[in-house]
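Subject: A structure to look at, with notes on its charged residues

Dear colleague,

I am passing on the structure below, and I would be glad if you kept it open while reading the notes that follow.

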Amino acid sequence: MEKLALEAARLLFSEGGAGWIVAALLGLACLHLHRENLRALEARVSETGATATALERASQTNAAVAAALESRTRVLEDLSRLAAETARGVDHGDERAREKFDEILRLLAELRHPHR
């Protein structure tokens, strides 16, 4: 390392001050690169903030959808239970009403399990 530092110092003072010009230009180039790097980092921080906001909104939306699906499931279960209780209460002689309730139960089952 010492040899490199001594060689750099020798080149800096040689050639009638041309080394100082090179050093100044290198310094300006480093300053320019540093500023560009700061701009890029600021842009990345801004993008990260936007991404975090979008993820938070998506999370809230997913929670709302999950709550709505849970509510829908509870309603379907309640309707199914009510229809089954009503069907059991119908007089067995009333075949037409029995068929209607069976149809309602079938439709509710399809809504609860659409993939079947």
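A salt bridge here is a side-chain nitrogen of Lys or Arg within 4 Å of a carboxyl oxygen of Asp or Glu. Please bear in mind that this is a predicted model, in which 3 salt bridges are found.

One of them joins Arg81 to Asp78, whose closest N and O atoms are 3.0 Å apart, and both residues belong to helix α2, where a spacing of 3 residues amounts to about one turn of the helix. Arg81 has a relative accessible area of 47% and is therefore partly exposed, and Asp78, at 42%, counts as partly exposed as well.

Also in helix α2, Arg74 and Glu70 are 4 residues apart, so about one helical turn separates them; they form a salt bridge with 3.1 Å between the closest N and O atoms. Arg74 is partly exposed at 44% relative accessibility, as is Glu70 at 48%.

Glu36 and Arg39 likewise lie in helix α2, 3 residues apart, and the closest N and O atoms of their salt bridge are 2.5 Å apart. The relative accessibility of Glu36 is 35%, which makes this residue partly exposed, while Arg39 is partly exposed at 48%.

Lastly, there is a negative surface patch, formed by Asp94, Glu95, Glu99 and Asp102. Of these residues, Asp94 sits in the loop between α2 (18–89) and α3 (95–112), and Asp94 counts as partly exposed because its relative accessibility is 37%, a value between the limits of 20% and 50%.

Notes:
Residues numbered from 1 in each chain as written. Predicted model: local features only at pLDDT ≥ 70, side-chain atom pairs only at ≥ 80, totals over all residues. Heavy atoms only, no water. Patch = residues over 30% accessible without salt bridge, like charges linked within 9 Å, V, L, I, M, F, W, Y side chains within 5 Å. Areas by Shrake-Rupley, 256 points an atom, 1.4 Å probe, with all protein chains shown as cover. Lys, Arg positive; Asp, Glu negative; His and termini not counted. Charge placed at Lys NZ, Arg CZ, Asp CG, Glu CD. Helix = DSSP H or I, 4+ residues; strand = E, 2+ residues; numbered from the N terminus. Buried < 20%, exposed > 50% of the residue type's maximum accessible area, 1.4 Å probe, protein only.
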